[in-house]
Amino acid sequence: MNRSRDPAREAEELAVTEEVLSLLRHDARNKLSAARQAGAYLKSRTERTDLWTSDARVPRFFSIIDEQLLLADEILERHEALARVHERSPDLLDPARIVAMAIAAAQPMGEVRVDTSVDPGRPQADPHELVLALRCLIDNAVEATPSGKRVELRGVAGDGRYAFLVEDQGPGLHPDDFHRVVRPFVSTRVGRRGLGLAIARRVASRWGGALTCLPSESGALLELTVGVGGAP
Amino acid sequence: MSAPQVLLVDDDDASRFTLAALLEDAGVVVREIATLEEARAAIPEEPDCLLVLADYHLDEGLGVDLLPLVRQHMPRARFVLVSGDVEAGSLPGIDGVLRKGDDPRVAIARVQAWVSAPSDAG
């Protein structure tokens, strides 16, 4: 079967894969590192006792424990490599075009209006990743905003960075809650995967920026920044 | 009891407990912290601390969220993230990353070096 390549869909699939693997790596590495550290402590203590020299299997067993944990960690590295097979292409982008593509790719908006105001600039990122990150923020904002209200998306050129600000008219988001909901698989809404903000944060970080929650009197205000030059 | 040289912030009990044991066995004085909230309360209490080791992913947020408070209250301290996430290494403002899963002997040697040569960046 001959299927045409869809870079936007590939970027989304890769982003979801990365979030899943990142969480698995983090949780698995916690367990592996604790086991390696416990083994290292016991080894250093046992080395000072007669047991170390009286039974040749004891030092060998400590080596086996460490080797096996190291191998398990290398398996995690190989999965990490798998997630990076996709080639990202850093481009200098037209922010107005990126915003238009993100709005076009967003979920149906119903009676919510999205107003845009985009400064000229040259943000540097993979275009499909940046469109995906903005799309995630727009989807979140539209979903939080009551029918008949609006979402505001601004593009602001700054010193060494370009910022996309997405502000909704929903119930708002306290910065302390933002730290919780930005984690993968955490959502305040039933039936959601809770990956959108995590994906947006990872994309921003990869391209020299960040995703932050700013104070707002309207609702939630999120700022996604990326660099404007140089390699990621 | 000596003042802690290292503040170790990690919500994974096993990971924190075992790393603290190794550091203490190497002669480093450690104060263990399990949550971001505890860390925010502890940082102003330890102005002479030389090193903050903070897990990148904590239950209530990111370890790097502590960086401004560390810079404000711990003028001599380095701020190092402990993480299995390669993206942590690219965060601005941090002094280093200890990668979870690395050889514990290497981690101990790096901590000893940081503690014996405190930051003077302020």
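Two residues are in contact when heavy atoms of one lie within 4.5 Å of heavy atoms of the other. By this rule, 28 residues of chain B are in contact with 27 residues of chain A. The structure is a predicted model, in which local features need pLDDT of at least 70 and side-chain atom pairs count only at pLDDT 80 or more, while totals for chains, interfaces and linings use all residues. Residues are numbered from 1 along each chain as its sequence is written, chains are lettered from A and ligands numbered from 1 in the order in which they are written, and side-chain values use heavy atoms, with hydrogens and water left out.

**Chain B**

Helices (H or I, at least four residues) and strands (E, at least two) are DSSP runs that are numbered from the N terminus. Chain B has four helices and seven strands, and from the N terminus on these elements follow one another as β-α-β-α-β-β-β-α-β-β-α. A residue is called buried when its relative accessible area is under 20%, exposed when it is over 50%, and partly exposed in between, with a 1.4 Å probe and protein chains only. Of the 122 residues of chain B, 53% count as buried. The accessible surface of this chain, from the Shrake-Rupley method with a 1.4 Å probe, comes to about 5,100 Å², and 53% of that surface belongs to carbon and sulfur atoms. If one takes the contacts in chain B between residues at least 6 apart in sequence, 63% of them join residues at least 24 apart.

**The sheet of chain A**

Two strands pair if DSSP finds at least two bridges between them. Chain A has an open sheet of five strands in the order 2-4-5-7-6, with mixed pairing. Strand 2 (113-118) and strand 6 (211-214) of chain A are the edge strands, each of which pairs on one side only. Neighbouring strands of this sheet are turned by 20 degrees against each other on average, direction ignored. Within the sheet, strand 5 (residues 161-167) and strand 7 (residues 221-227) of chain A run antiparallel and are joined by seven bridges; on strand 7 of chain A, Thr225(A) is the bridge partner of Ala163(A).

Helices of chain A also lie across these strands. For the angles, axes are lines fitted to C-alpha atoms, for helices over the stretch in contact, and the angles run from 0 to 180 degrees between N-to-C directions. Helix 4 (residues 95-105) of chain A lies across strand 2, strand 4 (150-157) and strand 5 of chain A, and runs at about 165 degrees to strand 2 of chain A. Helix 5 (residues 127-144) of chain A lies across strand 2, strand 4, strand 5, strand 6 and strand 7 of chain A, and runs at about 175 degrees to strand 7 of chain A. Asn140(A) lies in helix 5 of chain A and counts as partly exposed, at 23% relative accessibility. The C-alpha atoms of Asn140(A) and Gly196(A) are separated by 7.6 Å, although the two residues are 56 residues apart along the chain.

**Salt bridges and the interface**

Side chains of opposite charge can pair when their charged atoms come close. A salt bridge is counted when a side-chain nitrogen of Lys or Arg is within 4 Å of a carboxyl oxygen of Asp or Glu.

| Pair | Closest N and O atoms |
|---|---|
| Arg48(A) and Asp25(B) | 3.2 Å |
| Asp73(A) and Arg99(B) | 2.9 Å |
| Arg16(B) and Asp13(B) | 3.1 Å |

Arg48(A) lies in the loop between helix 1 (7-46) and helix 2 (51-54) of chain A, while Asp25(B) lies in helix 1 (residues 13-25) of chain B, so this pair joins two chains. Arg48(A) is exposed at 55% relative accessibility, whereas Asp25(B) is partly exposed at 26%.

Asp73(A) in helix 3 (residues 57-83) of chain A and Arg99(B) in strand 7 (residues 96-99) of chain B form a pair that crosses between chains. Here Asp73(A) is buried, with a relative accessible area of 4%, and Arg99(B) is partly exposed at 24% relative accessibility.

Arg16(B) and Asp13(B) are three residues apart in helix 1 of chain B, and are therefore separated by about one helical turn. Arg16(B) is buried, with a relative accessible area of 11%, but Asp13(B) is partly exposed at 49%.

Salt bridges also link Arg113(A), Asp115(A), Arg150(A), Glu152(A), Arg154(A) and Glu167(A) in a network.

Across the interface of chain B and chain A, the rule finds four salt bridges. The buried area, which is the accessible area (1.4 Å probe) that two parts lose on being put together, summed over both, is about 2,400 Å² between chain B and chain A, and carbon and sulfur atoms give 44% of it.
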